Amino acid sequence: MRIAISATGTSLDTQMDQRFGRCPFFVITDSGGADHEYVDNPHAQLGHGAGIQAARMLIERGISVVLTGRCGPNATETLAAGNIEIVTGYGGTVRKALERYAAEGGGNSVPEGPAPSAARPAPEGGRGMGRGAGRGMGRGSGRGRGQGMGATNKPQK
């Protein structure tokens, strides 16, 4: 299993970057932690689409799991389509994140502290994350506009 961690630098003792798509580097390792590869994220400076492009890059590299602070909806959707497990809510150094992930049994147990969340792909036929179906038809309470419950625009006598 290959694991990618969003990072601010190129060592195990560097801090994780809380951003997935805009992190400057990824530390890629195997589940045993024996081999490490440090990869520049050439998509970090894109005006838009950084997360999607970073996700595609990791899919091409055969990544199984991503450890990061947070991951946007489009990157989450792309990673999920590539069958990559996304574990968010991690922080600290890359080394500590790997140790925590291993201690949690690969993310299957309940962690101590703030719980990371694992993103899941949208149900089949679903629209996925960030694709709200709202129609903007809410009427509000009409505060101060005379449109609330029982209010009228006529002056009182």
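Reader: Let's start with D13: buried, partly exposed or exposed?
Author: Keep in mind that this is a predicted model. The relative accessible area of D13 comes out at 51%.

Reader: Which residue does D13 form a salt bridge with?
Author: Side chains of opposite charge can pair when their charged atoms come close. For D13, the closest N and O atoms of the pair are 2.8 Å apart. D13 sits in the loop between β1 and β2, while its partner is in helix α3 (residues 94-103), 82 residues apart. That partner is R95.

Reader: And how accessible is R95?
Author: Its class is partly exposed, which means it falls between the under 20% and over 50% limits. The relative accessible area of R95 is 34%.

Reader: What about E104, buried or exposed?
Author: E104 has a salt bridge with R100, at 2.9 Å from N to O. R100 is partly exposed, with a relative accessible area of 24%. For E104 the value is 6%, and the cut-off is under 20%, so E104 is buried.

Reader: Moving to E37, which residue does its side chain meet in a salt bridge?
Author: The N to O distance here is 3.6 Å. E37 lies in strand β3 (residues 36-40) and its partner in strand β1, 35 residues apart, so the pair links distant parts of the chain. The partner is R2.

Reader: How many salt bridges turn up in the whole structure?
Author: We've been through a few already, including D13 with R95 and E104 with R100. Some salt bridges share partners, joining R2, E37 and R61 into one network. For the whole structure, the search finds 6.

Reader: Back to β1: why is it largely enclosed by the rest of the structure?
Author: Strand β1 covers residues 2-7. It is largely enclosed because, of its 6 residues, the number that are buried is 5.

Reader: Which strand is joined to β1 by 6 bridges?
Author: The two strands run antiparallel. As one example of the pairing, R2 has D30 as its bridge partner. The strand in question spans residues 25-30, and it is β2.

Reader: And which residue in β4 stands opposite I5?
Author: Strand β4 (residues 65-67) runs parallel to β1, with 3 bridges joining them. In that pairing, the residue opposite I5 is L67.

How values were computed:
Residues are numbered from 1 along each chain as its sequence is written. This is a predicted model: local features need pLDDT of at least 70, side-chain atom pairs count only at pLDDT 80 or more; totals for chains, interfaces and linings use all residues. Side-chain values use heavy atoms; hydrogens and water are left out. Buried means under 20% relative accessible area, exposed over 50%, partly exposed in between (1.4 Å probe, protein chains only). Helices (H or I, at least four residues) and strands (E, at least two) are DSSP runs, numbered from the N terminus. Two strands pair if DSSP finds at least two bridges between them. A salt bridge is a side-chain nitrogen of Lys or Arg within 4 Å of a carboxyl oxygen of Asp or Glu.
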